[in-house]
Amino acid sequence: MPAPSEHASTIALNRKARHDYFIEQCFEAGIALQGWEVKALRAGRLQIAEGYVLVKGGEAWLVGAHVSPLPTASTHRIPDPTRSRKLLLHRREIDALIGAVERKGATLVPLAVYWKKGRAKLEIGLA
């Protein structure tokens, strides 16, 4: 099976991450998005190069990713392009990530964002 970054449905790719870090393991996570963010992702207006994944309070968060809002998508709300977005993972996966980050001192890096069965997915690398 090809890596998610090789699919035609790739939204954003962090090319610098594989160059700067040695990726030990990859995880696939869903992203909790607002409506205007989904429209912006469909338009390809996402940058994850400056983003990172943070595990706090037993939850995983994507921090620092920038979603540029479309001018017509959300007229009644004030969009926050760099807000922290919750990542949807199984409890066992979150526990594995917490253990790796706390014990080994590893870093969690966003590698790619892509569509899978109509849903936005984030590939996380344990570096």
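A salt bridge here is a side-chain nitrogen of Lys or Arg within 4 Å of a carboxyl oxygen of Asp or Glu. Take Lys-86 and Glu-59: their closest N and O atoms are 3.0 Å apart.

A word on the model: it is predicted, so local features need pLDDT of at least 70 and side-chain atom pairs pLDDT 80 or more, while totals for chains, interfaces and linings use all residues. Residues are numbered from 1 along each chain, and side-chain values use heavy atoms, leaving out hydrogens and water.

Back to the charges. A search of the whole structure turns up 7 salt bridges, including these:

| Pair | N to O distance |
|---|---|
| Lys-86 and Glu-59 | 3.0 Å |
| Lys-116 and Glu-28 | 3.2 Å |
| Arg-18 and Glu-123 | 3.7 Å |

Arg-18 sits in helix α1 and Glu-123 in strand β9, so this pair ties together parts 105 residues apart in sequence. Helices (H or I, at least four residues) and strands (E, at least two) are DSSP runs, numbered from the N terminus. Glu-123 is buried at 6% relative accessible area, whereas Arg-18 is partly exposed at 44%; buried means under 20%, exposed over 50% and partly exposed in between, with a 1.4 Å probe and protein chains only.

Now the fold. Seven strands make an open sheet in the order β1-β8-β9-β2-β7-β5-β4, with antiparallel pairing; strands pair if DSSP finds at least two bridges between them. The edges are β1 (10-13) and β4 (52-56). Between β4 and β5 there are 5 bridges, and Leu-54 has Trp-61 as its bridge partner.
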